[in-house]
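Here's a quick tour for anyone meeting this structure for the very first time. Take a look at the sequence and the model, then read on.

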Amino acid sequence: MEKSIEPHISDKTLGEYLEHWALTTPQKEFIVYSDRNLRFTFEYFNERVNNMAKGLMDIGVKKGSHVGIWATNVPDWLTFLFACAKLGAVSVTINTNYKQHEVEYIVENADIHTLCISDGVFDGSFVDMTYTLLPELKSQPRGFINSAKYPFLKNIFL
């Protein structure tokens, strides 16, 4: 008798998988950044994700919020991704090769609430491009972004 192979869809979320492995194999390595000499165990990475999720909650990110992640391959990229998953926020990954007008299009049309950036540079500095995107950052008090062009955008996280 031939065994049927059916696709299996799990009831667990990404955050629940991380919690499971952090409890089951806490000291097993989850991720290694050999170029930075960083090694994160499941337990440590889960704690890091929980702290990031709490920080995102403190700035108003909640279930359904759109969080843009515009970063090079750094440890915080993955931390943001899992933190968003635990909160039920929508991760909007932004291509690091995008030009200014492409980033502006994504921020405007993806209703991004919080934009997380690294200090990356490809064709230009992500920080400089963010100031071009949102010149109000230079004059508005921290934590009080109010942009007519991007009404959903409330936070920039570097």
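This is a predicted model: local features need pLDDT of at least 70, side-chain atom pairs count only at pLDDT 80 or more; totals for chains, interfaces and linings use all residues.

A salt bridge, as the word is used here, is a side-chain nitrogen of Lys or Arg within 4 Å of a carboxyl oxygen of Asp or Glu.

**Salt bridges**

The count comes to five salt bridges. Three of them are in this table.

| Pair | N to O distance |
|---|---|
| Lys86 and Glu19 | 2.3 Å |
| Asp76 and Arg48 | 2.6 Å |
| Arg36 and Asp35 | 3.8 Å |

The Arg36 and Asp35 pair, at 3.8 Å, counts because the cut-off is 4 Å. Asp35 is exposed, with a relative accessible area of 63%, while Arg36 is partly exposed at 38%.

What does the bridge between Lys86 and Glu19 tie together? Lys86 lies in helix H3 and Glu19 in helix H1, so the pair joins parts that are 67 residues apart in sequence. Both ends are partly exposed: Lys86 has a relative accessible area of 25%, and Glu19 has 30%.

Helix H3 turns up again with Asp76, whose partner Arg48 is in helix H2, so this bridge ties together parts 28 residues apart in sequence. Asp76 is partly exposed too, at 35% relative accessible area.

Now for the inside. In soluble globular proteins, nonpolar side chains tend to be buried together. Here the largest nonpolar core has 22 residues, and Phe45 and Leu56 touch the most other members. Helix H1 (14-24), strand E1 (29-33), helix H2 (42-58), strand E3 (66-70) and helix H3 (75-87) each give this core at least two residues.

Who are the neighbours of Leu56? Leaving aside residues up to four places away in sequence, Leu56 touches Val61, Phe80, Ala83, Cys84, Leu87 and Thr114. Another core, of 16 residues, lies apart from the largest one, and includes Trp70, Val107, Leu115 and Leu153.

**Rings meeting rings**

The model has ten aromatic pairs. Take Phe30 and Phe45: their ring centres are 4.7 Å apart and their planes sit at 20°, so the pair is stacked. Phe30 belongs to strand E1 and Phe45 to helix H2, and the two are 15 residues apart. Is Phe45 buried or exposed? Phe45 is buried, with a relative accessible area of 0%, whereas Phe30 is partly exposed at 25%.

Trp70 and Phe126 are stacked as well, because their ring centres are 4.4 Å apart and their planes are at 20°. Trp70 is in strand E3 and Phe126 in helix H5 (residues 126-133), so this pair links parts 56 residues apart in sequence. Both of these residues, Trp70 and Phe126, are buried.

Ring pairs also link up into a cluster made of Trp21, Phe30, Tyr33, Phe40, Phe42, Tyr44, Phe45 and Phe82.

**The cysteines**

How many disulfides are there? The count is zero. The cysteine sulfur closest to that of Cys84 is in Cys116, and at 6.3 Å the two are too far apart for a bond. Both cysteines are buried: Cys84 has a relative accessible area of 0%, and Cys116 has 1%.

Methods:
Residues are numbered from 1 along each chain as its sequence is written. Side-chain values use heavy atoms; hydrogens and water are left out. A nonpolar core is a set of buried Ala, Val, Leu, Ile, Met, Phe, Trp, Tyr and Cys residues joined through side-chain atoms within 4.5 Å. Buried means under 20% relative accessible area, exposed over 50%, partly exposed in between (1.4 Å probe, protein chains only). Helices (H or I, at least four residues) and strands (E, at least two) are DSSP runs, numbered from the N terminus. Contact means heavy atoms within 4.5 Å. Rings of Phe, Tyr and Trp (its six-membered ring) pair if their centres lie within 6.5 Å; planes under 30 degrees apart count as stacked, over 60 as edge-to-face and the rest as tilted. A disulfide is a pair of cysteine sulfur atoms within 2.5 Å.
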